[in-house]
Structure formats: structure tokens, C-alpha cells
Amino acid sequence: MRVFASLDELRSAVGESVGPGPWLTIDQKRIDAFADTTGDDQWIHVDPERAATGPYSATIAHGYLTLSLIPVLGRGLYTLDFGTARINYGGNTFRFPSAVRAAGRIRATATFADLRTEADRALLTVRWTLDNEGQAKPACVAETLTVVTTPERTNS
């Protein structure tokens, strides 16, 4: 676990990576719950019998489920121990190079790509690679943006 106690510490880590973290199993129960929540109940995700004869020989996790697990997967990689709030601001890009089969495992590596500061906040860009166990290609590659509000005056 990498702990950043100040904006200056975080700034000095731009270009560095942390991880990979521990594996997380994506079971059918999680896939079904995501389908129920989002209304995306396509058979490739929720019908194990039909999916067994499909292109992956099993149900697969939704791409957006995989993307949404970045906070869980990143929790053990680093923490920002400064500022008053961290707010998801969005993302620049995300791709799903390989499907995650039900009962498959994924893990994350985070690379601090950029840090821009102004007034009382900073915008952190993190590049994520979510490994897909047993697959040559990752399950997901994504670039996320987080706003960190801080009482300290920041300089660019």
C-alpha cells in the first residue's frame, strides 16, 4: 500500500506504477447483481446454459462491471492521505481487450499519469491495467480522473 501524505508526494510519483494488487474473483452472483442493477440482462452475461455454447463457453462479466471494480481493486494499492475530498471526475479512455469469464479473476496495476493543480484542487489522472488471469490481454485498460480538493494552495 502506497500512502501519499501530501500533494508534493503525489506529484513526485507521476510516471510511477503501483501493483499489481490481489486477485478478485468475478462470480456469477456479482454478474447477475450487476445485470439486475443496470438492466443489461443479455444472455451472454446471465444465462450459463446458453452461454456454455457461446463464443466464450461460459457467461462473461459486463465490460462496465469490470470498469466499475477499479475502486475495489485499487483500494489496496494506494491512498491519498491529504485533502478534504476525492471525487470521480470521469475518464479519458477505456477498453476491454479480453472478456472475463464467470469465476475468472482480475487484478489491478495503477500508473500515475498526470497531476494538474489549480487554486484549491488537483486533477489526478491514473492509468489502470486490469489483468485477466490466464489471458494474454488485460480485461480492461482505462484512464480515470479524480479531483482532490485540498486546503493547501496548489501550484502548477
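User: Which backbone oxygen lies 3.0 Å from a polar atom of the side chain of Ser 98?

Analyst: Please note that this model is predicted. The backbone oxygen in question belongs to Pro 138. The side chain of Ser 98 also reaches the backbone oxygen of Lys 137, at 2.9 Å.

User: Where does Ser 98 lie, and is Ser 98 buried or exposed?

Analyst: A residue counts as buried when its relative accessible area is under 20%. Ser 98 has a value of 11%, so Ser 98 is buried. Ser 98 is found in the loop that joins β5 (85-95) to β6 (104-118).

User: Which residues does Ser 98 touch, not counting residues up to four places away in sequence?

Analyst: Ser 98 touches Asn 132, Gln 135, Lys 137, Pro 138 and Ala 139.

User: How is a pair of aromatic rings described?

Analyst: Such a pair is described by the distance of the centres and the angle of the planes. The count for this model comes to seven aromatic pairs.

User: Which residues do ring pairs link into a cluster?

Analyst: The cluster consists of Phe 4, Tyr 78, Phe 112 and Trp 128, linked by ring pairs.

User: Which residues does UniProt list for "domain: MaoC-like"?

Analyst: The unreviewed UniProt entry lists residues 12-114. In the model, this span is 30% helix and 29% strand, and its end C-alpha atoms lie 10 Å apart.

How values were computed
Residues are numbered from 1 along each chain as its sequence is written. This is a predicted model: local features need pLDDT of at least 70, side-chain atom pairs count only at pLDDT 80 or more; totals for chains, interfaces and linings use all residues. Side-chain values use heavy atoms; hydrogens and water are left out. UniProt positions are given in the numbering used here, feature names are shortened, and annotations may be inferred rather than shown by experiment. Helices (H or I, at least four residues) and strands (E, at least two) are DSSP runs, numbered from the N terminus. Buried means under 20% relative accessible area, exposed over 50%, partly exposed in between (1.4 Å probe, protein chains only). A polar contact is a pair of N or O atoms within 3.5 Å; within protein, one must be able to donate a hydrogen and the other to accept it, and residues adjacent in sequence count only if both atoms are side-chain atoms. Contact means heavy atoms within 4.5 Å. Rings of Phe, Tyr and Trp (its six-membered ring) pair if their centres lie within 6.5 Å; planes under 30 degrees apart count as stacked, over 60 as edge-to-face and the rest as tilted.
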